[in-house]
Amino acid sequence: MRVAAARLRQRLGRRGAFLGGMGTLWLLYGYGLLVEPIASTASYRLLLHVMPMDAWAVAWVVAGSAALLCAWTRPPWDWPGFAALYATAIPWGLSSLMSWWPLDDNPRGWIGAAIWGALGGAIWVVVGWPEPPRGERGGGHAER
């Protein structure tokens with residue numbers, strides 16, 4: 001089992017593991033939007049002028065699937081997965097922010113903006129990470 005885990009870790013790398021985890025979250029979030037739409041759409045009212053909620057749900061599922069597929073590719077070929085994640089998180093963050101200020105429709109819109117903005121920031125940081133050379137991808141601590 002350890003050998004299989006080591007091979008998987010080596011195959012995915014850090015960027016691939018991040019894409020796999022975030023892609024899974026995006027896929028599940030989109031599926032959740034399809035199965036049980038959000039009851040209060042105050043934060044996303046602006047987005048609903050662009051596309052209906054079902055279309056946004058499909059966009060989340062597609063972005064998550066793209067990230068999951070790109071997790072298995074090596075840099076720089078994994079960039080479409082990062083772009084797909086970013087392209088869905090940022091509009092939701094901006095819509096939440098705008099619902100709080102300047103529109104003043106949602107007094108808690110800043111919370112959604114902070115969450116989606118933090119996720120977008122994490123994506124922005126990880127896309128800039130270089131993968132360590134294959135010999136340095138050990139499973140844990142650096143030697144002292």
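## A salt bridge at Asp105

Aspartate 105 is partly exposed, at a relative accessible area of 35%. The side chain of aspartate 105 forms a salt bridge with that of arginine 45, at 2.2 Å from N to O. Aspartate 105 sits in the loop between α4 and α5, and arginine 45 in helix α2 (residues 45-48), so the pair ties together parts 60 residues apart in sequence. Arginine 45 is partly exposed too, with a relative accessible area of 37%.

## Model and confidence

This is a predicted model. The mean pLDDT of the protein is 91, and 93% of the residues score at least 70. Helix α3 (residues 53-70) has the highest confidence, at 98. Helix α1 (residues 2-35) has the lowest, at a mean of 93. Where pLDDT is low, predicted coordinates should not be read in detail.

## A second salt bridge

The count of salt bridges comes to two. Besides the pair above, aspartate 78 and arginine 15 join their side chains in a salt bridge, at 2.8 Å from N to O. This pair links distant parts of the chain: aspartate 78 is in the loop between α3 and α4, arginine 15 is in helix α1, and 63 residues separate them.

Both partners are covered. Aspartate 78 is buried, at 1% relative accessible area. Arginine 15 counts as buried at 6% relative accessibility.

## Around Glu131

Glutamate 131 lies in the segment after α5 (109-127). With a relative accessible area of 18%, glutamate 131 is buried, because the cut-off for that class is under 20%.

The side chain of glutamate 131 reaches two backbone nitrogens. That of arginine 15 is at 2.7 Å. That of arginine 14 lies 3.0 Å from a polar atom of the glutamate 131 side chain. Arginine 74 is 57 residues from glutamate 131 along the chain, yet their C-alpha atoms are separated by 8.8 Å.

## A buried serine

Serine 96 belongs to helix α4 (residues 79-100). Serine 96 is buried, with a relative accessible area of 0%. Beyond its neighbours within four places in sequence, serine 96 contacts Ser43, Tyr44, Gly109, Trp110, Gly112, Ala113 and Trp116.

## A nonpolar surface patch

Five side chains are named here. Tyr31, Leu34, Val35, Val58 and Val62 make up a nonpolar patch on the surface, with about 470 Å² of accessible area together. Helices α1 and α3 are the elements that give two or more residues to the patch. α1 gives the most, with three residues.

Leucine 34 lies in helix α1. Leucine 34 counts as partly exposed, at 39% relative accessibility.

Notes: Residues numbered from 1 in each chain as written. Predicted model: local features only at pLDDT ≥ 70, side-chain atom pairs only at ≥ 80, totals over all residues. Heavy atoms only, no water. Helix = DSSP H or I, 4+ residues; strand = E, 2+ residues; numbered from the N terminus. Buried < 20%, exposed > 50% of the residue type's maximum accessible area, 1.4 Å probe, protein only. Contact = heavy atoms within 4.5 Å. pLDDT = per-residue confidence, 0-100. Patch = residues over 30% accessible without salt bridge, like charges linked within 9 Å, V, L, I, M, F, W, Y side chains within 5 Å. Areas by Shrake-Rupley, 256 points an atom, 1.4 Å probe, with all protein chains shown as cover. Salt bridge = Lys/Arg side-chain N within 4 Å of Asp/Glu carboxyl O. Polar contact = N/O pair within 3.5 Å; in protein donor to acceptor, adjacent residues only side chain to side chain.
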